[in-house]
Amino acid sequence: MTTTVEDSHNSEMPAVMPRALVVMIGYCVILATLVTTIPLKLLNPIGEFGATGGLLNWVVIIGSLSGAIGTALLPPVASLFGQRRTTVVTMSLLTAGSVLGAVAPNMTVLLVGRFIGGFTLGAIALALAIARTNLSGRTLSVVLSWIAAAEGVAAGLSFAVGGLLTDTVQVDWRVVFWVLAVLGALGIAGALATIPRQDGPGRGQVDWFGGLLLTAALALILVPLSMGSHWGWTSPAVLVPLLCGIVAVAVWWIVESRIPAPLVNTRALRNMNFLRGWLVFFLAGMLAWIMNFTLPKFTETPASAGFGFGYSALTSGLLMLMFCVGIVVGSASAGRLSRFVPARVMCLLAFTGCTIGMLLLAFVHDSAWQLWVWPVIIGLSYGLASASAYLTFITALRADEVATAASIGQISAPLGGAIGSAAISGVLTAEVVRIGQTEVPAEQSFQLGWLIGAGVSVVGLLLVALIRAPKTAAEETI
């Protein structure tokens, strides 16, 4: 991502890169990613509470839910109360939520802790805001590229580290939450030491009502999506909250379009290029969580089930690391490709690659090497899609609108991830097979999940192909 957003504050910034601040920005991004993804490797031992299937997966889903809200709320909160203070509060929530998870006596307390700690996902959007405010010129461009790369690397490392801790070192899952609590405490100290103190009161206001309404809408949608296979997809327990959630989203959208300082600037979506970029982020978030939920579980399934490879948690974590390396390479290559290939064309190629990769996973997954190659194809395509979305924002909007575009892009990905994780959880728990004392998703469930991923990719391909906007003198051909 590249931006030229500068203001009077940036013009006064020294040319020398403030390394301590840059390290803190990277720390926020890496920690936010770890908090969101590392619980995926802890689901089996957390099953000691007696939770299974869709309910157990809520250890991950609820973090994505609160993370989506945090991503929307933290930047405006920082504008009002200061970036330093907001970062300290965010890291404090992580510490408190992790401690609550570490000492949780039951599933309910654990989920409350995960909801509190999940707000840390918003630290990625907060890190972008800190970078834009305190850095400028080439330093800003370099740091923003590092942020994009750090997200992919941290996601991969979280799977590998989670597998190492639970499989090789065999630590209790509660220890992982204690480690997260310590990392949160270090984040508090780092924020106090590196982030400049804000002088005087901030400007703007926070759309608290919009955040509350969005939280309720997402909860009403995600719960029936994740539990539909248990409650019955046509049962009132699924249909009633789902319909209420859709109505709540419509109400939220109307409210956001009419207030002066909305949580999400829905009016910006009238720009067709901007709308295309927003949808790319949303669908990419869904694709990422389809991979996060399916690939480790499939490869860890014992071969005695008639499929799967019996990988250890560490090996499946390394496999996910390869997927995330593909994301980093795809994102990094977008900048050079943009000199020769329009952003819109790159996005079409990216969704084509995702479609092919998902179809290969669904129908060609009998050999181990295939499970190491197809995810790399999807990762490269995902990274290219995300980077092309940023490029679309930059070429579609004026320079003073790019910051807003990045913020809205940051919330669309967690929204897509939350919905994607809940939906794929419902799919994987719809049909299971028993191996010894444990239940694993049937092969058909994995195939259906990957076919859904291919369908999401096709939808993205069609949207990018169909959503066109007239060219302006300030825009590239996209």
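These are my notebook entries on a predicted model of one protein chain.

**Ground rules.** I number residues from 1 along each chain as its sequence is written, and side-chain values use heavy atoms, with hydrogens and water left out. As the model is predicted, local features need pLDDT of at least 70 and side-chain atom pairs count only at pLDDT 80 or more, while totals for chains, interfaces and linings use all residues.

**Overview.** I looked up the secondary structure and found 17 helices and two strands (DSSP runs of H or I, at least four residues, and of E, at least two, numbered from the N terminus). Of the 478 residues, 54% are buried (under 20% relative accessible area, 1.4 Å probe, protein chains only).

**Helix H17.** I checked the length of H17, residues 443-466: its 24 residues should span 34 Å at 1.5 Å a residue, and the end C-alpha atoms are 35 Å apart, which agrees. The expected span is 1.5 Å times one less than the number of residues. Its buried residues include Phe-446, Trp-450 and Val-464.

Leaving out residues up to four places away in sequence, I listed what Ile-46 touches (heavy atoms within 4.5 Å): Leu-56, Val-59, Met-107, Leu-110, Trp-173 and Phe-177.

How values were computed: Buried < 20%, exposed > 50% of the residue type's maximum accessible area, 1.4 Å probe, protein only.
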